[in-house]
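Have the sequence and the model at hand as you read.

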Amino acid sequence: MTKPRIVVTGATGKTGSVVVSELLKAGYLVRAVVHREDGRSARLKSQGAETVAAEMSDVERVVDALVDVQRAYYCPPIGPYAIQGAVGFAIAAKEARLEHIVGLTQWLASPSHPSLMTRQSWLIDHLFSMTPGVAHTIVNPGFFADDYLVPIGLAAHLGMFPWMYGDSRNAPPSNEDIARVAATVLMDPARHAGKSYRPTGPELLGAKEMAQAIGRAVGRFVRVMPTPTWLFMKSARIAGLPIDEISNIRYYIEDHKQGAFEIGAPNSDVLDVTGRPAEDFETIARRYAAQPRSQRTLSNWIREFGQFMTAPFTRGFNLDRYDRELRRPFPSAPRFAAESAIWRCEHDISDLIQPSMPDLVKRHSVPHWKEYP
């Protein structure tokens, strides 16, 4: 019997590409939705996937992409119009009589969060849950291990691990574990309908533990470098991160400091869903350390040293102008995740807040953009 056809959006991304690979290995028909036809989409084709170039906001194109599809992995694009794309996808899903959507969202998703993307993630979760006739499963990781390993070149060449998150910790999952959870759900959707999974790594780690694991991966001593948010913003611009991402990450740093990723972590969701234990941080770091950019060559050292020295003098993002040009809506009473009663209720974590972690529920004023020059 022919297995169902599954559509994967964001198919060239960090999780989408792995979801495609896992499904193809299991013998499923996969239609990969990509932004454009390029080398990455060509690799998906070579693996056996059908590719379709479409933007999520192009409703007619998305409707066409879902013809003869039974299940879907939905990875929302990060941007100010994510909700528009999700509404279009929900319309297409209803039109195609989709059986099941597995939606990638955020652990922080809540309706009054200062981050536009996080508020949109909350809306998308509820939208898909209300789509008639379509079952829905949520995959809501916190910060990926990838988020901490983007600057691994700095660790490999200069022995530094930048850290903006105070004394807080996280149990970060790998891209691969997040994707394997999603793919497993898509292979057996009836068992997971209506459920929410938060993939985590196997243990809570702070700055020191992550730096030590990265040091073992790159083969040198790596020290923690406390980094102010304004310097991170400038470094992110040098690294080519888009302003759409940074406009949200500025708030996630505060969530991290408040300990939002410590709540309910680690857990056994990766093992329970996939039957495989979650990858530890050092194992993940070793994959990043093996990349060409991390190899300890003179040219790589010059690049990392040059970026490190010029970052403080680089022009930062103008987030005020960005918000103004978008006419970005903002809650009348913004709340970080751990401050939100709705977030705590929906994540069923009221009993998990420990007396030793009072800052998780303490009122904080939302940092204004001018704190991030």
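Is Arg 97 buried or exposed? In this predicted model, Arg 97 has a relative accessible area of 74%, so it counts as exposed, the cut-off being over 50%. Its place is the loop that runs between helix H4 (82-96) and strand E5 (100-104).

The backbone is worth a look here too. Most residues other than glycine have a negative phi, and most peptide bonds are trans. Arg 97, though not a glycine, has a positive phi near 55°. Arg 327 also has a positive phi, near 55°, and sits in the loop between helix H15 (319-326) and helix H16 (341-346). Arg 327 is exposed as well, at 75% relative accessibility.

| Residue | Phi | Relative accessible area |
|---|---|---|
| Arg 97 | near 55° | 74% |
| Arg 327 | near 55° | 75% |

Now for the peptide bonds. The one between Ala 265 and Pro 266 is cis, with omega about -5°. You will find Pro 266 in the loop linking helix H11 (243-257) to helix H12 (269-274).

Helix H11 also has a packing partner. Helix H10 (residues 229-238) lies against H11 at an angle of about 145°, and their axes are 11 Å apart. The crossing of these helices, H10 and H11, is right-handed. On the H10 side, Thr 229, Phe 232, Met 233 and Ala 236 make the contact, while H11 brings Ile 246, Ile 249, Arg 250, Ile 253 and Lys 257. Sorted by class, the contact holds six nonpolar residues, one polar and two charged.

Technical notes:
Residues numbered from 1 in each chain as written. Predicted model: local features only at pLDDT ≥ 70, side-chain atom pairs only at ≥ 80, totals over all residues. Heavy atoms only, no water. Helix = DSSP H or I, 4+ residues; strand = E, 2+ residues; numbered from the N terminus. Buried < 20%, exposed > 50% of the residue type's maximum accessible area, 1.4 Å probe, protein only. Axes fitted to C-alpha atoms, helices over the stretch in contact; angles between N-to-C directions. Left-handed = near helix turned anticlockwise from the far one by under 90°. Contact = heavy atoms within 4.5 Å. Nonpolar A, V, L, I, M, F, W, Y, C, P; charged D, E, K, R; others polar.
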